[in-house]
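Dear colleague,

Please find below the structure I promised to hand over, followed by notes on what was found in it.

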Amino acid sequence: MERRAYYRNKGLPWLLIAPQLLLVLVFFYWPTSQALYWAFTLEQPWGGGNSWAGWDNFLAIFHDREYWGTVVRSAFYACCTTALSMFMALTLAVFVDRSLKGTRAFQSVYVWPYAIAAPAAGVAFRFIFAPEAGLVGAINGLWPGIWNPAINGYQALGMIIVCHSWLGIGYNFIFFLAALQMIPRSISEAGAMDGARPVRRMLDLQLPLIAPTVFFLLIINLISSFTDSFGLIDTMTEGGPFGSTEVMVYKIYFDGFKGLDYSGAAAQSIILMLLVVALTFVQFRWVEKRVHYN
Amino acid sequence: MIERSRIFDIVTYAVMIFGMVIVVAPFWITIVAGSQSLQEVSRVPIVLWPSSHLWDNLLEAWTRADLGPKLLNSMIMAVGVTVAKISLASISAFAIVFFNFRGRMICFWLIFATLMLPLEVRIVPTYSIAANALMPFQVILDTLGITGLVETLSGLRIDMEWNLLNSYPGLILPLVATATGTFLYRQFFMTIPDELVEASKMDGSGPLRFFWDVLLPLSRTNMVALATILFVSTWNQYLWPLLITTDRKSFGTVVMQLKSLIPALNGTQDWNVTMAGALIIMLPPLLVVALMQRWFVRGLISSDK
């Protein structure tokens, strides 16, 4: 939609947009280009500026088996949290959408997880899963030593995945419910007239109709599980035991701020950026093609 | 609901109650553990019913994590980001939508491209810019030779420095530098009919007056919606405050304090205090979401789509 009633003024729009442009240039474009610069250079240990390193930083990462470990782990983590969180939220939204009596109370509670800071949820879940405490840890009373995320890396990763999925329920639920409520009643009624039972209608009518939302959430969830896991991991496991919960973001933080390897961290940042940008582009392309289902 | 089916209704309630249990369980456990004494919380298996020590635990967590000043810092950060983002977003969206000026589309894309990369993925260089926020300008002046020119002409050396570490601007500004709010405002301004602009022009109002007297009042609900999500998401920030504040004592936020409340591996396992502290820290954003749900949901859906 193009607007016709423009104001004409030479200086004013620039004055209005300047503060945001300045902020974006200083805190977005400068750091992003800085990351590029660092990724292709190497800082001299005795000072005296950076020397050109070409692709060496990237090659060093690609030859690092530990790095590939974090990539595979991040991908696994992202797929699990996305699937789990979206599945739970979609199930709840589909049933809430039937709007039986008293549904409103359930509906407003399902949104709550969104309000919780990841580290706060991390602390709560750490207690729930603590091997010495009396919740999940109680299982150790029956089979001693069967549950100990402080030693068992798979259990530690599983614990974080569960927590991250729980945190995502609220957000996903809001979007799924909004999409389901946009479907005209007449369509579902027509389906019912033709003899489609509720489950059949869910699978053959509602799901295809909310496909754009499903896809949007899929991308958003994938991006957030690649980038947003720091708060959880830092409070729950700190990447341990033995690096078994170290994902890409955590390694960037660790190499950059603890190891002071800016070039390596920058190269890793660039790879993560490319990943996020690629996911975003997939979304744009797909949405453009498929969203006009009417 | 279209047809009546008892069985399906029962299934619906069963699933919703099951979902409720999953969603509420962590909150319940936090409250229960936060209200128990050390003996009660260490019992295996734990009794999932609140006890009477909530107040003591809250006080203990409050002093141990120094939550008073930290709550104030969190509040300053969250309110600061919310206010700054809404003001900047509304005026820059206004400029983009209602003015015809050269470079309009470039500005638009420059701002909206920031939606693509979250702060977490560019965290290391953003941290380095925070040590001197004026560095980009210094570098630009240096490369253009202006620094040298001024130095030879006046004898003064241009040396700009603005260190953001351990300061409120440092906590706030980098979080403001994204386009979430701008996007929402742009979407809203696009729905304003041209006739409204023409009518107010006819009545002799300039652009600023139109913005202040017509657009802002119209956008009030959007503003509330945006404010709720900004407040919640800023309050819950963790990585950025962690990096920018080396002086935890005076500039730390509450969410950062959570880690210091976790019992040490070989220390007393007083999870009751940890949970009481977590309760305090969770409460403000939870209240916002629970009480302002209508606006919150609306803001979320319209700003992310």
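Arg200(A) is partly exposed at 45% relative accessibility, where buried means under 20% relative accessible area, exposed over 50% and partly exposed in between (1.4 Å probe, protein chains only). Its partner in a salt bridge is Asp204(A), with the closest N and O atoms 2.7 Å apart; a salt bridge is taken here as a side-chain nitrogen of Lys or Arg within 4 Å of a carboxyl oxygen of Asp or Glu. Asp204(A) is likewise partly exposed, with a relative accessible area of 45%, and both residues lie in helix H9 (residues 198-209) of chain A, four residues apart, about one turn of the helix. Helices are DSSP runs (H or I, at least four residues), numbered from the N terminus.

Please bear in mind that this is a predicted model, in which local features need pLDDT of at least 70 and side-chain atom pairs count only at pLDDT 80 or more, while totals for chains, interfaces and linings use all residues. Residues are numbered from 1 along each chain as its sequence is written, chains are lettered from A and ligands numbered from 1 in the order in which they are written, and side-chain values use heavy atoms, with hydrogens and water left out.

The structure holds eleven salt bridges over all chains. One of them joins Arg64(B) to Glu60(B) (3.1 Å, N to O), and these two lie four residues apart in helix H3 (residues 54-64) of chain B. Arg64(B) is partly exposed at 38% relative accessibility, and Glu60(B) is partly exposed at 34%. Elsewhere, salt bridges that share partners join Glu66(A), Lys251(A) and Asp255(A) into one network.

Turning to the interface, 101 residues of chain A are in contact with 114 residues of chain B, contact meaning heavy atoms within 4.5 Å. The two chains bury about 10100 Å² between them, 76% of it on carbon and sulfur atoms, where buried area is the accessible area (1.4 Å probe) that two parts lose on being put together, summed over both. Three salt bridges are counted between chain A and chain B, including that of Glu238(A) with Lys259(B), whose closest N and O atoms are 2.5 Å apart. On the side of chain A that touches chain B, the largest share, 21 residues, comes from helix H1 (residues 12-39) of chain A.

With best regards
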